[in-house]
Amino acid sequence: MSKKKKSLAIIGGGSAAIMLASEIDTKKFDVTIYERNQALGRKFLVAGKGGFNLTHSTPIDEMKKKYVASPPILNSLNSFSNEDFIKWLKKEGIDTFVGSSKRIFPVKPTKPIQVLQAFTDRIKENNINVKFSHVWKGFNDSALIFETRDGSVEHNPDIVVFALGGASWKKTGSEGEWLSYFEEKGVKTVPFQASNCGVAITWKEKFAKSNEGQPLKSISVSCGDLSKKGDVIITRLGLEGSAVYALSPAIREEIKNEGEATIFIDLKPTTKTEAILRKLESPKKKNSWSVHLIWQLKLSKPMFELVKRSCTKDEFLDPNFIAKHIKQIPLQVTGFDEIDKAISTVGGIDLDEIDSNFELKNLPNHYVIGEMLNWDAPTGGYLLQGCMSMGNMLSNNL
Ligand SMILES: Cc1cc2nc3c(=O)[nH]c(=O)nc-3n(C[C@H](O)[C@H](O)[C@H](O)COP(=O)(O)OP(=O)(O)OC[C@H]3O[C@@H](n4cnc5c(N)ncnc54)[C@H](O)[C@@H]3O)c2cc1C
């Protein structure tokens with residue numbers, strides 16, 4: 001007589017879940033995804049709209065250094081690396097290319113929906129049941145409670161994998177409302193906070209008004225030990241863009257300890273201070289000091305105004321001061337933009353609560369993967385890679 005298959009419920013049908021469901025052995029398990037929306041992968045599609053950055057081309061050991069995470073997550077990156085993910089996508093008919101920033105994108109004209117379709121086709125082929133409009137509402141003893149269109153239902157599967165996502169872009173379904181359900185079961189959680197998101201800076205009113213929406217291009221931004229080259233956009237609130245998003249862990253830590261964080265802008269990351277000084281000391285002819293500065297250092301209007309408004313008049317007129325200042329303009333960060341606007345969140349299930357295979361230590365046969373765990377990584381493909389790696393590793397280890 002053949003052995004009865006175990007029932008396995010995946011709660012949440014986002015990025016981590018679709019990889020798990022694509023690869024799980026359905027000869028061993030009867031698998032059902034329970035998803036609150038009427039479609040899978042809503043946030044995956046949102047990521048697609050903003051330039052679909054599936055992973056990164058850096059060797060995996062280098063890539064791992066960018067994660068603030070615990071061993072199970074880091075091990076999953078070895079178990080299913082960026083190269084493995086690229087091969088996986090190719091096998092499913094999605095070709096990729098390396099962009100100028102070493103990020104990996106689907107080749108044009110592949111649309112985000114086609115990448116999602118590759119997953120949903122694979123899930124169908126793998127005989128996974130999907131129940132839409134099922135909102136998980138917590139536990140009733142060992143049973144899972146769901147709110148459905150036909151009222152409340154309970155299920156008691158043998159194995160449960162939670163893949164509920166973080167707590168930003170709530171309209172995609174990742175509402176992060178479930179922290180208390182786990183707390184009630186004795187599972188420690190951490191309040192959600194924004195990551196990879198704009199920062200608040202108290203600009204001088206005149207500067208914000210005339211430079212809102214303007215980019216600062218090819219600069220470098222640093223905070224604590226972290227530093228990132230790239231572009232940022234000046235906003236009414238402060239700054240946005242990948243160069244500042246990447247500093248999220250350091251900014252968060254400094255704000256926690258000091259109440260504010262200082263970030264430093266290097267407007268000329270490829271030019272040394274001495275070279276800047278030489279340019280500033282070159283004959284100014286009939287030009288004003290401001291015009292000399294702009295021409296010699298090829299400063300855009302917002303760059304020039306940032307320099308001028310971040311020092312005193314005497315400092316501004318001193319070439320020695322300016323040569324150093326241009327490479328290290330300090331800005332006080334008072335906080336992050338609203339959590340719902342963040343590309344990702346930290347917080348969720350405390351990493352001490354899971355074992356080396358993502359199983360909750362206090363709740364056997366219950367696993368947690370994806371952004372709902374308290375880890376952090378920059379944008380640039382690191383987030384999706386992390387979720388895919390966790391989903392894939394768990395599919396092999398169940
Ligand atoms: C604007 C934007 C752009 C991004 N761009 C990129 C990018 O280019 N590259 C990159 O690597 N990453 C990017 N990301 C991040 C990436 O999309 C996420 O980190 C990733 O999708 C998280 O996967 P997940 O499976 O953990 O959660 P999600 O994909 O959020 O999935 C969680 C699922 O659980 C469901 N759910 C939640 N609560 C319940 C409940 N109570 N009951 C039932 N179902 C529930 C949700 O509806 C959702 O479908 C971007 C994110 C955003 C917002």
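Why does Tyr 34 count as buried? Tyr 34 has 25 C-beta neighbours inside 10 Å, and therefore counts as buried; the cut-off for buried is 20 or more other C-beta atoms within 10 Å of the residue's own, with exposed set at 12 or fewer, partly exposed in between, and C-beta atoms placed from the backbone.

1. Basis. The model is predicted, local features need pLDDT of at least 70 and side-chain atom pairs count only at pLDDT 80 or more, whereas totals for chains, interfaces and linings use all residues. Residues are numbered from 1 along each chain as its sequence is written.

2. Overall. The chain holds 16 helices and 19 strands, taken as DSSP runs numbered from the N terminus (helices H or I, at least four residues; strands E, at least two). Its C-alpha trace spans about 95 × 40 × 35 Å along the principal axes. Of its 398 residues, 42% count as buried. Among contacts between residues at least 6 apart in sequence, 70% join residues at least 24 apart; two residues are in contact if their C-beta atoms, placed from the backbone, lie within 7 Å.

3. Tyr 34. This residue sits in strand β2. Neighbours within four places in sequence aside, Tyr 34 is in contact with Ala 9, Ile 11, Lys 131, His 134, Trp 136 and Phe 146. Trp 136 is 102 residues from Tyr 34 along the chain, and their C-alpha atoms are separated by 7.9 Å.

4. Ligand shell. The ligand is surrounded by 42 residues, the closest being Gly 12, Gly 14, Gly 165, Gly 173 and Gly 370; a residue is near a molecule or strand if its C-beta atom, placed from the backbone, lies within 6 Å of it. At least two residues of the shell come from each of α1 (15-23), α2 (42-49), β7 (135-140) and α16 (382-397). The largest share, five residues, is that of α2. By class the shell has 20 nonpolar, 16 polar and six charged residues. Ala, Val, Leu, Ile, Met, Phe, Trp, Tyr, Cys and Pro count here as nonpolar, Asp, Glu, Lys and Arg as charged, and the others, Gly among them, as polar.

5. Helix α1. Nine of the nine residues of α1 are buried, so the helix is largely enclosed by the rest of the structure. The cover over these buried residues includes β1 (6-11), β2 (29-34), α2, α6, β10 (159-162) and α16.

6. Packing of α2 on α6. The axes of α2 and α6 (residues 112-125) come within 9 Å and cross at roughly 145°. Phe 44, Leu 45, Gly 48 and Lys 49 of α2 make the contact with Pro 112, Ile 113, Val 115 and Leu 116 of α6. Six of the contact residues are nonpolar, one is polar and one is charged. Axes are lines fitted to C-alpha atoms, for helices over the stretch in contact, and angles run from 0 to 180 degrees between N-to-C directions.

7. Three-stranded sheet. An open sheet has the strand order β7-β8-β9 with antiparallel pairing. Its edge strands are β7 and β9 (151-155), each pairing on one side only. Neighbouring strands of this sheet are turned by 30° against each other on average, direction ignored. β8 (residues 143-148) pairs with β9 in the antiparallel sense over five bridges; pairing requires that DSSP finds at least two bridges between two strands. Ile 145 has Glu 154 in β9 as its bridge partner.
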